[in-house]
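Student: I have a structure open and want to go through it with you. Can we start with the terms and then move on to the details?

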Amino acid sequence: NVNTGSSSQINTGSSSYGNENEAEKNVETITSSSTATKSDGTPYVTSDYNNDSYKEGQKETPKVISSAAQIQMAAGMSPQGSGSSTSESYGNTNGGSSSGSYDNVSSSGGSDGSTSSSSGSDGSTNNSGGSYGSTNNSGGSYDSSSNTSGSNGEPMNSSGGSYGSTSSSAYTNAQPQNQVSSASTMGGGNSYSNGDSAPKRRKFVGYQSSEWEMAWLNNIEKWGKQQTICQVLMREHKSYIHDFLEVLCTSRLEPGPYGSWCVIDDGELQLWFNEGNHEALEIYWQRPKVIPFDLPVPPPQAVVPPPGKYDHVLSKMTFMDEQTGEKYEEYIEPLVSHLRFPLSKCMPVDDEQFYFHDTIFKGFIIPPPPVIRGDRAIFYDAGSPDWIKGPRYFLNTWLRHGIKFDDVFSYDERTTPEEYYSTIPLEIQPQIHYKQCTIASDEADNFPDHPFLPSVIIEGTTENDYVMFKLDIDRPGIENGIISAILSDGYPPVIDELFWEHHIAQNYLMFEHWKTTATPDTTFRESYDIFLRLRQKGIRAHAWT
């Protein structure tokens with residue numbers, strides 16, 4: 001049973017998922033030892049999912065941030081009490097909360113807070129100093145009551161020599177038109193370079209799929225064809241879902257009669273979850289009626305999974321700081337379901353106001369802990385028409401984790417600079433650089449007013465910057481060309497975090513929303529392979545909404 005705040009519950013033992021019909025009767029109990037075959041006919045084995053370097057000969061114990069106090073210390077802050085947020089406050093903090101926010105998003109829900117706008121310059125600058133985990137990166141509150149609009153800033157350029165090829169897993173599936181390519185170089189054989197030879201603070205060592213992810217990697221082809229994704233989640237994988245929601249909690253109510261309740265707050269939506277109910281998934285998109293309205297909710301905290309406890313659910317990546325010789329692990333949400341919030345389209349909705357909540361909910365994403373010291377934190381946002389649909393979620397959520405971006409480069413073909421800056425909180429406009437333009441799909445078409453972002457990112461960053469890239473322009477041909485370039489052997493490891501919503505025709509749960517933007521003839525198996533390859537390349541690749 002799943003209680004989502006509606007008057008009825010789903011009985012997951014009956015046919016209640018539309019056109020799945022008799023297929024649900026064939027759902028089997030899943031174990032991580034089950035196997036499947038690749039598109040080329042060869043079987044998947046553990047080494048296809050987990051880099052060999054991760055399994056043998058690793059003597060050092062990876063460093064894991066495991067408490068709010070450690071997050072604050074890593075970010076150069078003084079540890080606070082357990083009831084405090086992990087980030088400092090710049091100003092107005094909504095009823096005493098010390099949680100950081102760029103637009104005063106309260107724990108009960110957020111808005112951009114924009115009330116007026118005026119014309120002006122964005123004051124674009126290039127910040128090159130400081131660690132993104134240092135004291136000046138503590139969280140804060142930005143008031144967007146007065147905004148300005150202005151001109152866009154251009155990413156800086158740098159030059160360097162040729163960058164050699166790096167190894168990556170083979171992607172041997174046949175590629176229909178507009179599919180992601182496995183070519184080792186893009187744009188007619190162009191090589192990529194960022195001239196970077198300094199010791200890496202974030203050298204990739206290996207990726208390890210969790211037990212839960214392995215089950216999906218081995219069975220997604222079957223479950224996709226049978227259209228039984230929701231049944232698998234609600235039946236065999238109910239305990240996985242419970243533990244996953246538990247680790248995602250950002251606020252927990254004080255011990256007492258309601259102490260088993262928590263909130264998963266993505267800065268825009270809040271999902272209430274009863275951790276103490278192991279018989280049913282008791283989840284609500286609004287405060288449950290059993291909880292007094294005046295009962296305070298603590299400010300949202302960073303999601304910092306404790307080492308070991310959730311290894312069956314969460315996947316993880318291992319890195320090395322070449323300057324100190326330390327290895328450390330970072331947890332990441334597993335590749336499961338149809339690659340977004342796992343319960344998306346599987347939750348009953350009897351109130352129209354909640355209809356799209358599960359499809360746009362971002363609370364399933366686990367940001368990195370601020371343990372790696374870098375020169376700068378830079379965000380490239382492709383498909384950013386305004387503050388809300390662009391950088392708001394990222395800047396607020398990463399600020400909660402102690403990471404403040406030095407520069408944000410935003411791109412959109414529809415919104416004018418004046419319109420865009422009118423939505424941006426005044427205090428962060430100097431670090432926002434917006435360009436109204438179309439995006440190129442190949443290096444050969446890279447021009448200032450039609451940029452190929454994989455090349456732009458190389459030119460504007462180094463491997464010791466923390467670089468995040470969101471790709472959401474809803475043009476499959478262009479997006480697939482960009483992802484192909486990033487996956488190519490010659491592309492240097494400059495991207496640390498990547499967000500992408502892969503629109504595929506086989507996703508029967510999302511097809512009603514995507515329709516013409518879905519890549520034809522693309523399967524769940526191929527989509528999983530792409531995200532897996534990105535992670536095996538050292539990129540914290542997240543499915544986007």
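Tutor: Buried means under 20% relative accessible area. Lys470, at a relative accessible area of 0%, is therefore buried. Keep in mind that this is a predicted model.

Student: What does the side chain of Lys470 meet in a salt bridge?

Tutor: The partner is Asp381, with 2.8 Å from N to O. Asp381 is in strand 11 and Lys470 in strand 14, so the pair ties together parts that are 89 residues apart in sequence.

Student: Is Asp381 buried or exposed?

Tutor: Asp381 counts as buried, because its relative accessibility is 0%.

Student: How many salt bridges does the structure hold?

Tutor: There are 22. Side chains of opposite charge can pair when their charged atoms come close.

Student: Which residue forms a salt bridge with Glu463?

Tutor: Lys200 does, and the closest N and O atoms are 3.6 Å apart. This pair links distant parts of the chain, 263 residues apart. Glu463 is in the loop between helix 10 (453-460) and strand 14, while Lys200 is in the loop between strand 3 (147-149) and strand 4. Glu463 is buried at a relative accessible area of 7%, and Lys200 counts as buried at 15%.

Student: And what is the relative accessible area of Asp311?

Tutor: Asp311 has 27%, so it is partly exposed. Asp311 forms a salt bridge with Lys316, where the closest N and O atoms are 3.0 Å apart. Lys316 is buried, with a relative accessible area of 10%.

Student: Which residues are linked in a network of salt bridges?

Tutor: Arg202, Glu330, Asp496, Glu497 and Arg540.

Student: Changing topic. Why is helix 8 largely enclosed by the rest of the structure?

Tutor: Nine of the nine residues of helix 8, which spans residues 392-400, are buried, so the rest of the structure largely encloses it. Among these buried residues are Arg392, Asn396, Trp398 and Arg400.

Student: What covers them?

Tutor: The cover includes strand 6 (261-265), strand 11 (377-382), strand 12 (407-412), strand 13 (432-436), strand 14 (466-471) and strand 15 (497-500). Just after helix 8, Gly402 takes a positive phi of about 85 degrees.

Student: Which residues have the most contacts inside the largest nonpolar core?

Tutor: Trp216, Trp398 and Phe469, in a core of 111 residues. Another core lies apart from it and has seven residues, among them Leu253, Trp272, Ile291 and Val297.

Student: What does Phe469 touch?

Tutor: Setting aside residues up to four places away in sequence, Phe469 touches residues including Phe379, Tyr380, Leu453, Ile457, Ile486 and Phe499. Glu497 is also one of the residues it touches, and Glu497 belongs to the salt-bridge network mentioned above.

Student: Back to backbone angles. Where does Ser337 lie?

Tutor: Ser337 lies in the loop between strand 10 (326-332) and helix 7 (357-360). Its phi is near 55 degrees, which is positive in a residue other than glycine. Most residues other than glycine have a negative phi. Leu339 is found in the loop between strand 10 and helix 7 as well, and has a positive phi of about 60 degrees without being a glycine.

Student: Are those two buried or exposed?

Tutor: Ser337 counts as buried at 0% relative accessibility, and Leu339 is buried with a relative accessible area of 9%.

Student: What is the strand order in the open sheet of three strands?

Tutor: The order is 4-9-10, with antiparallel pairing. Strand 4 (203-208) and strand 10 are the edge strands, each pairing on one side only. The twist averages 25 degrees from one strand to the next. Helix 13 (residues 524-536) packs on the sheet and touches strand 4, strand 9 and strand 10. The direction of helix 13 makes about 140 degrees with that of strand 4.

Student: How many bridges join strand 9 to strand 10?

Tutor: Seven. Ser315 stands opposite Ile332 in strand 10.

Student: Last one. Which side chains make polar contacts with the side chain of His503?

Tutor: The side chain of Glu501, at 2.9 Å, and that of Thr517, at 2.7 Å. His503 is in the loop between strand 15 and helix 12 (511-514), and is buried with a relative accessible area of 7%. Beyond its neighbours within four places in sequence, His503 is in contact with Asp474, Trp514, Thr517, Ala518 and Thr519.

Note on methods:
Residues are numbered from 1 along each chain as its sequence is written. This is a predicted model: local features need pLDDT of at least 70, side-chain atom pairs count only at pLDDT 80 or more; totals for chains, interfaces and linings use all residues. Side-chain values use heavy atoms; hydrogens and water are left out. Buried means under 20% relative accessible area, exposed over 50%, partly exposed in between (1.4 Å probe, protein chains only). Helices (H or I, at least four residues) and strands (E, at least two) are DSSP runs, numbered from the N terminus. Contact means heavy atoms within 4.5 Å. A nonpolar core is a set of buried Ala, Val, Leu, Ile, Met, Phe, Trp, Tyr and Cys residues joined through side-chain atoms within 4.5 Å. Two strands pair if DSSP finds at least two bridges between them. Axes are lines fitted to C-alpha atoms, for helices over the stretch in contact, and angles run from 0 to 180 degrees between N-to-C directions. A polar contact is a pair of N or O atoms within 3.5 Å; within protein, one must be able to donate a hydrogen and the other to accept it, and residues adjacent in sequence count only if both atoms are side-chain atoms. A salt bridge is a side-chain nitrogen of Lys or Arg within 4 Å of a carboxyl oxygen of Asp or Glu.
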